[in-house]
Amino acid sequence: MAEFDLTDAEYDAATRRGEQAGAGQPRPSSVYYDPQTGLIIVEFLNGAAFMVPARSLQGLEKASDAELADVEILGDDGLHWERLDADFTIAGLMAGVFGTRSFVDVARKGGKARTAAKIAASRTNGAKGGRPRKTVG
């Protein structure tokens with residue numbers, strides 16, 4: 001890795017630019033795994049929260065509840081699982097980036113698979129009247 005010689009003034013200026021860039025961005029205050037729902041929940045200082053299905057993330061598909069619960073905030077914008085050697089940016093997760101393109105493509109294709117069991121379940125549901133209509137309320 002290259003070494004850089006910075007003056008105190010350059011360092012202070014870079015630090016100020018970093019703080020200004022992060023100003024106005026929601027800062028995470030906590031993160032936890034909810035085993036009942038299977039969700040990773042990120043709470044922000046402004047009161048907002050974001051949830052993502054834990055086992056939809058690349059590298060977390062087969063993790064135990066204990067491994068998923070061992071999550072921490074990394075810096076101001078990341079999530080880190082030490083035991084699983086997994087890291088994700090919160091912004092990436094909010095944008096729907098759950099892994100590499102090839103991981104996401106495989107997961108997407110899995111949902112489109114037409115198996116005998118899926119066809120049978122669809123026919124059974126259809127015989128019951130199909131999918132219930134959404135109610136506006």
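Arg83 is exposed, with a relative accessible area of 53%, and in this predicted model its side chain meets that of Asp70 in a salt bridge, at 3.2 Å from N to O. The two residues link distant parts of the chain, since Arg83 lies in the loop between strand 5 and strand 6 (86–89) while Asp70 lies in the loop between helix 2 and strand 4, 13 residues apart. Asp70 has a relative accessibility of 34% and therefore counts as partly exposed, because that class covers values between the 20% limit for buried residues and the 50% limit for exposed ones.

**Overall architecture**

The secondary structure of the protein comes to five helices and six strands, and from the N terminus on these elements follow one another in the order α-β-β-β-α-β-β-β-α-α-α. Of the 137 residues in the protein, 20% are buried.

**Salt bridges**

Side chains of opposite charge can pair when their charged atoms come close.

| Pair | N to O distance |
|---|---|
| Asp76 and Arg27 | 2.2 Å |
| Asp65 and Arg55 | 3.0 Å |
| Arg83 and Asp70 | 3.2 Å |

The side chains of Asp76 and Arg27 meet at 2.2 Å, N to O, and this pair links distant parts of the chain, with Asp76 in the loop between strand 4 and strand 5 (78–81) and Arg27 in the loop between helix 1 (8–22) and strand 1 (28–34), 49 residues apart. Asp76 counts as partly exposed at 45% relative accessibility, and Arg27 is partly exposed as well, with a relative accessible area of 27%.

In the salt bridge between Asp65 and Arg55, the closest N and O atoms are 3.0 Å apart; here Asp65 belongs to helix 2 (residues 65–69), whereas Arg55 sits in the loop between strand 3 (49–53) and helix 2, ten residues apart, so that this pair too links distant parts of the chain. The relative accessible area of Asp65 is 37%, which makes Asp65 partly exposed, and Arg55, with 35%, is likewise partly exposed.

**Surface patches**

Which residues gather in a patch of negative charge on the surface? The patch is formed by Glu72, Glu82, Asp85 and Asp87. Of these, Glu72 has its place in strand 4 (residues 71–74) and counts as partly exposed because its relative accessibility is 40%. Asp85, by contrast, is found in the loop between strand 5 and strand 6 and is exposed, with a relative accessible area of 67%.

A nonpolar patch on the surface is formed by Phe4, Leu6 and Tyr11, which together have about 410 Å² of accessible area. Tyr11 is found in helix 1 and, at 52% relative accessibility, counts as exposed.

**Backbone details**

Asp85 also stands out in its backbone, for its phi is positive, about 50°, although Asp85 is not a glycine. Most residues other than glycine have a negative phi. A positive phi, near 110°, is also found at Gly129, which follows helix 5.

Gln58 is found in the loop between strand 3 and helix 2 and counts as partly exposed, with 30% relative accessibility. The C-alpha atom of Gln58 is separated by 4.9 Å from that of Gly99, although these two residues are 41 residues apart along the chain.

Is Phe50 buried or exposed? Phe50, whose place is in strand 3, has a relative accessible area of 15% and is therefore buried, the limit for that class being under 20%. Between Phe50 and Leu39 there is a C-alpha to C-alpha distance of 9.6 Å, and the two are eleven residues apart in sequence.

How values were computed: Residues numbered from 1 in each chain as written. Predicted model: local features only at pLDDT ≥ 70, side-chain atom pairs only at ≥ 80, totals over all residues. Heavy atoms only, no water. Patch = residues over 30% accessible without salt bridge, like charges linked within 9 Å, V, L, I, M, F, W, Y side chains within 5 Å. Areas by Shrake-Rupley, 256 points an atom, 1.4 Å probe, with all protein chains shown as cover. Salt bridge = Lys/Arg side-chain N within 4 Å of Asp/Glu carboxyl O. Lys, Arg positive; Asp, Glu negative; His and termini not counted. Charge placed at Lys NZ, Arg CZ, Asp CG, Glu CD. Helix = DSSP H or I, 4+ residues; strand = E, 2+ residues; numbered from the N terminus. Buried < 20%, exposed > 50% of the residue type's maximum accessible area, 1.4 Å probe, protein only.
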